[in-house]
Amino acid sequence: MRTVLVCVKTPQAGQKISACATRMGLAQAVKSVEGSPELFLELGRRQVDVVLVDVGLAAPDPVKFVKTVRARSPRTGVLLSGAADPRTAAMVVAAGARGVIRTPSNNSDDLLVALAQAIMFASPSLQRVTETVPRQRSTLQGMKLTERELQVLRGMSEGKSNAEIGRDLFVSEDTVKTHARRMFRKLGARDRAHAVAEAFRSGLVC
């Protein structure tokens with residue numbers, strides 16, 4: 001089975017990734033590895049749809065890192081996440097990366113949102129896995145989000161923090177959290193990553 005391979009810094013981050021993938025019904029398709037040496041070993045063992053790597057783990061030369069991944073696994077898409085400056089982002093894309101998912105901090109929520117975006121970016125074969133894995137989820141048919149809840153959801157899908165979303169919408173961070181809680185309940189989502197995944201899958205955001 002093809003996978004989304006997530007390169008993380010700590011075992012704790014790997015556990016969060018595994019838990020998030022399980023909630024999405026993708027436990028068999030998402031795998032985390034700790035550090036780039038383990039990443040390259042895993043790439044030698046299997047075909048991977050997408051590799052998601054924090055920009056910091058691709059240091060000191062993200063461009064060389066991307067080229068190395070592409071050379072070893074030409075059919076693997078490379079996505080970087082983190083607070084990369086525009087010049088670095090342009091260089092890694094020119095080197096063959098599919099993109100850089102902007103995350104304003106090293107917060108675990110940012111990593112999980114990046115994971116959700118990477119899953120939605122992966123081939124449809126990963127999405128078909130969810131059809132064969134029994135899981136509890138609310139139906140999105142007939143579910144209606146308010147315009148403000150959709151705005152908050154779009155902000156989350158772009159990797160923005162609650163504070164950034166609040167500034168964009170001219171509301172307080174607490175107000176954003178209130179809209180987020182209501183939106184989570186409607187989506188049947190437990191966290192940001194789950195909400196973003198459901199939103200991409202249902203076409204609420206694209």
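**Notes on the predicted model**

1. I begin with a loop residue, phenylalanine 170, which sits in the loop between helix H8 (162-169) and H9. The model is a predicted one, and in it the phi of phenylalanine 170 is near 60°, a positive value in a residue other than glycine. Most residues other than glycine have a negative phi, and most peptide bonds are trans. Phenylalanine 170 counts as exposed because its relative accessible area is 78%, over the 50% cut-off.

2. Two further backbone features deserve a look on the display. A cis peptide bond, with omega about 5°, joins alanine 59 and proline 60, and proline 60 belongs to the loop between E3 and H3. Elsewhere, glycine 159, which follows H7, has a positive phi, near 80°.

3. The loop between E3 and H3 also holds aspartate 61. Aspartate 61 counts as partly exposed because its relative accessibility is 37%, which falls between the cut-offs of 20% and 50%. Although aspartate 61 and threonine 88 are 27 residues apart along the chain, their C-alpha atoms are separated by 9.7 Å.

4. The sheet can be described strand by strand. It is an open sheet of five strands in the order E2-E1-E3-E4-E5, with parallel pairing. Its edge strands, each pairing on one side only, are strand E2 (30-34) and strand E5 (99-102), and from one strand to the next the twist averages 25°. Strands of a sheet pair through backbone hydrogen bonds, either parallel or antiparallel.

5. E1 and E3 pair in the parallel sense over five bridges, and threonine 3 has valine 48 in E3 as its bridge partner. E3 is in turn joined to E4 by five bridges, again with the strands running parallel, and here valine 50 has glycine 77 in E4 as its partner. Four bridges then join strand E4 (residues 77-82) to E5, which run parallel; leucine 79 is partnered by glycine 99 in E5, while glycine 82 stands opposite arginine 102 in E5.

6. Helix H1 (residues 11-23) lies across strand E1 (3-8) and E2, and runs at about 180° to E2.

7. Which residues touch the most other members of the largest nonpolar core? In this core of 21 residues they are Leu39 and Leu43. At least two core residues come from each of E1, helix H2 (36-45), strand E3 (48-54), helix H3 (62-72) and E4, and H3 gives the most, with four residues. Leaving aside residues up to four places away in sequence, leucine 39 touches Leu5, Cys7, Val33, Val51, Val53 and Phe65. Another core, of 20 residues, lies apart from this one, and among its members are Val30, Leu52, Leu79 and Ile101.

8. The final point concerns the packing of two helices. Two packed helices are described by the angle between their axes and the distance between the axes. For helix H7 (residues 147-157) and helix H9 (residues 173-187), the axes come within 9 Å and cross at roughly 90°, which means that H7 is roughly perpendicular to H9. On the H7 side, Arg148, Glu149, Val152, Leu153 and Met156 meet residues of H9 that include Val176, His179, Ala180, Met183, Phe184 and Leu187. The residues of this contact divide into eight nonpolar, one polar and four charged. The buried residues of H7 are Glu149, Leu150, Val152, Leu153, Gly155, Met156 and Ser157.

How values were computed:
Residues numbered from 1 in each chain as written. Predicted model: local features only at pLDDT ≥ 70, side-chain atom pairs only at ≥ 80, totals over all residues. Heavy atoms only, no water. Pairing = 2+ DSSP bridges. Axes fitted to C-alpha atoms, helices over the stretch in contact; angles between N-to-C directions. Contact = heavy atoms within 4.5 Å. Core = buried A, V, L, I, M, F, W, Y, C linked by side-chain atoms within 4.5 Å. Buried < 20%, exposed > 50% of the residue type's maximum accessible area, 1.4 Å probe, protein only. Parallel < 35°, antiparallel > 145°, perpendicular 65-115°, else oblique. Nonpolar A, V, L, I, M, F, W, Y, C, P; charged D, E, K, R; others polar.
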